[in-house]
Amino acid sequence: MEMHMLLWKAVSLFTLLYSLGLPDENAPKPSTEQRCDFASLYMRCDGCNETFHADSNDFHSPNYPQKYPDEEYCSWRITVSLSHQVYLMFTYFSLQFENNTDSVYVYDGDKETGEVLGVFYGGHPPPKEGIYSSSNSLLVIFKSDKNSSYPGFKASYHAVNCSGTANPDFTYQTY
Ligand SMILES: [Ca+2]
């Protein structure tokens, strides 16, 4: 009996020590913001800089529908099938009202050296009819300044054939 107790205690101790050395799967995961703080020392924030190759996809500002972080920089580089255009639609848009604070930049092509198709902020939201690229790529940049943040934006894109037919499935929310 005593031997059993001793063995049980040894096993318990071993189990305890072993479990201490292992990552706890139930431990709270760091929030996006915490990951961003850490990551921003070396790289851009998780999930904030993406490259899309699919012919349609959705993306949104970091933390959406919660407020985006201050001093954020994000990019979404979209490339669809050759001989198609990118049709970009903002289905929700709520940024700081003033110019030169928080903005979304849309470039024709996949580089910041491309033609600017629009610079959008709270007081100047994107066109409700959507935005078309001239070729098969589009670049979207989001930048926020040091203070005042908002829920941000949600956007979808689709590859369209050069006839420029919009996808009628978009539902547009009130800004
Ligand atoms: Ca701001």
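I take strands, labelled E and at least two residues long, as DSSP runs numbered from the N terminus, and I keep in mind throughout that this is a predicted model.

**Entry on a loop residue**

With that labelling, I looked up Gln-66 and found that this residue lies in the loop between E2 and E3.

Next I followed an open sheet of four strands, whose order I wrote down as E2-E9-E4-E7, with antiparallel pairing. Which strands stand at the edges? They are strand E2 (56–60) and strand E7 (131–132), and because each has a single partner strand, one side of each is left without a neighbour in the sheet.

I went through the pairings of E9 one by one. With E2, the pairing is antiparallel and runs over five bridges; here I found Asp-58 opposite Ser-156 in E9, and I noted Lys-154 in E9 as the bridge partner of His-60. With E4, the pairing is again in the antiparallel sense, over 10 bridges, and there I saw that Phe-90 stands opposite Ala-155 in E9. I also checked burial along E9: seven of its 10 residues are buried, so this strand is largely enclosed by the rest of the structure.

**Entry on the core**

How many residues does the largest nonpolar core have? I recorded 29, and the residues with the most contacts inside this core are Val-86, Leu-88, Val-106, Leu-138, Val-140 and Ala-155. The elements that give two or more residues to the core are strands E3 (73–79), E4 (84–94), E5 (103–108), E6 (116–120), E8 (137–143) and E9 (152–161). Of these, E4 gives the most, with six residues.

Finally I examined Val-86, one of the residues with the most contacts inside the core. Setting aside its neighbours within four places in sequence, I listed what Val-86 is in contact with: Ile-78, Val-80, Ser-133, Asn-136, Ser-137, Leu-138, Tyr-157 and Ala-159.

Key. Residues are numbered from 1 along each chain as its sequence is written. This is a predicted model: local features need pLDDT of at least 70, side-chain atom pairs count only at pLDDT 80 or more; totals for chains, interfaces and linings use all residues. A nonpolar core is a set of buried Ala, Val, Leu, Ile, Met, Phe, Trp, Tyr and Cys residues joined through C-beta atoms within 7 Å. A residue is buried if 20 or more other C-beta atoms lie within 10 Å of its own, exposed if 12 or fewer, and partly exposed in between; C-beta atoms are placed from the backbone. Two residues are in contact if their C-beta atoms, placed from the backbone, lie within 7 Å. Two strands pair if DSSP finds at least two bridges between them.
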